[in-house]
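Hello,

Here is the structure I promised to pass on to you.

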Amino acid sequence: PMRAGAHCQVPCGIFSDQIQFEAMLEAQVTIAKANREMAKLIEESTPLAANQATRWIMTKEDHCKKIMETVAEYFMAQRIKPDAERYNETLVAAHNLMRAAMKAKQDPSEEVAEALKTAIFDLYRAYEGKEPDLGGH
């Protein structure tokens, strides 16, 4: 009988770690912008402003969720291998990034958004073993 040796959630060979990091950084930029826009709108206290602020909150939530999904489904499930040289360091950095994304859902402060960006860079350093080269971020 034939046995399938499936071990990836997607067909092998289509990974691009760099694209994943860049997408997470783009999400972080959107989260930071959403925080700024929602703060301005909430001060207006009009129904339209409340509606727009709610939409920014939903956008922020979606982008935090995307980061958490990327960490869990791409990095932790598929890319971070138990026999990797920096396994423990990378696992801790991945967990810290997931927690930073969760905090960014809850707290619209600039500090929390910046901590999220730092956590993305920290995962990059642990995973890649070098300083980030993530064009323009």
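The buried residues of helix H4 pack against helix H1 (17-44), helix H2 (47-79) and helix H3 (87-106). Helices here are DSSP runs of H or I with at least four residues, numbered from the N terminus, buried means under 20% relative accessible area, exposed over 50% and partly exposed in between (1.4 Å probe, protein chains only), and contact means heavy atoms within 4.5 Å. Among the buried residues of H4 are Leu116, Phe121, Tyr124 and Tyr127.

Please keep in mind that this is a predicted model, where local features need pLDDT of at least 70 and side-chain atom pairs count only at 80 or more, while totals for chains, interfaces and linings use all residues. Residues are numbered from 1 along each chain as its sequence is written, and side-chain values use heavy atoms, leaving out hydrogens and water.

Now for the aromatic rings. Rings of Phe, Tyr and Trp (its six-membered ring) pair if their centres lie within 6.5 Å; planes under 30 degrees apart are stacked, over 60 edge-to-face and the rest tilted. That rule gives five aromatic pairs. One of them is Phe21 with Phe75, tilted, at 4.9 Å centre to centre and 50° between the planes. Phe21 lies in H1 and Phe75 in H2, so this pair ties together parts 54 residues apart in sequence. Phe21 also forms a tilted pair with Tyr127, at 6.2 Å and 50°. Tyr127 belongs to H4, so here the linked parts are 106 residues apart in sequence. Ring pairs join Phe21, Tyr74, Phe75, Tyr124 and Tyr127 into a cluster.

Best wishes

Key. Helices (H or I, at least four residues) and strands (E, at least two) are DSSP runs, numbered from the N terminus.
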